[in-house]
Amino acid sequence: MASGWAREGAIQDQIDASVNDAVQYARSNLVSGASAELCEECDESILQARRLALPGVKYCVSCQAELEGKGTLSKGFNRRGSKDSQLR
């Protein structure tokens with residue numbers, strides 16, 4: 001595949017780097033250990049079904065949803081670019 005001045009395999013290296021970044025981010029957000037009985041945010045009790053389903057959970061459903069909605073996700077770099085930017 002013709003890729004201009006890029007060396008052979010550079011595109012695959014970019015794809016691999018993006019996948020590795022996503023895997024590393026997901027692993028860094030895994031929780032483990034004993035689940036909390038009370039939410040760390042609002043001090044409400046966490047349902048037993050949630051504690052059993054998610055080992056290491058620290059927040060109730062509503063607080064977890066609120067925290068995830070705050071956009072703490074790191075977007076990283078767009079290594080692929082868009083087709084529009086490549087056509088300019």
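Hi everyone. From the N terminus on, this chain runs α-α-α-α. That comes to four helices and zero strands, where helices (H or I, at least four residues) and strands (E, at least two) are DSSP runs, numbered from the N terminus.

A word on the source. This is a predicted model, so local features need pLDDT of at least 70 and side-chain atom pairs count only at pLDDT 80 or more, while totals for chains, interfaces and linings use all residues. Residues are numbered from 1 along each chain as its sequence is written, and side-chain values use heavy atoms, with hydrogens and water left out.

Let's start with the surface. The chain exposes about 7,700 Å², with carbon and sulfur atoms supplying 53% of that area (Shrake-Rupley method, 1.4 Å probe; for residues, only the protein chains shown count as cover). Of its 88 residues, 9% count as buried, meaning under 20% relative accessible area, with exposed over 50% and partly exposed in between (1.4 Å probe, protein chains only).

Together with Ile 11, Ile 15 and Val 23, Val 19 forms a nonpolar surface patch of about 290 Å² accessible area. Patch members have over 30% relative accessible area and no salt bridge; nonpolar side chains (Val, Leu, Ile, Met, Phe, Trp, Tyr) are joined within 5 Å, like charges within 9 Å. Val 19 itself counts as partly exposed, because its relative accessibility is 45%.

Arg 7 is exposed at 51%, and Asp 13 is partly exposed at 37%.

The largest nonpolar core has five residues: Cys 39, Ile 46, Val 57, Cys 60 and Cys 63. Such a core is a set of buried Ala, Val, Leu, Ile, Met, Phe, Trp, Tyr and Cys residues joined through side-chain atoms within 4.5 Å. Leaving out residues up to four places away in sequence, Cys 60 touches Cys 39, Cys 42, Ile 46 and Arg 50, a contact being heavy atoms within 4.5 Å.

That brings us to Arg 50, in helix H2 (residues 48-53). Arg 50 is buried yet has no salt bridge, and Glu 68, the nearest side chain of opposite charge, is 6.6 Å away. Thanks, all!

Definitions and conventions. A salt bridge is a side-chain nitrogen of Lys or Arg within 4 Å of a carboxyl oxygen of Asp or Glu. Lys and Arg count as positive and Asp and Glu as negative; His and the chain ends are not counted.
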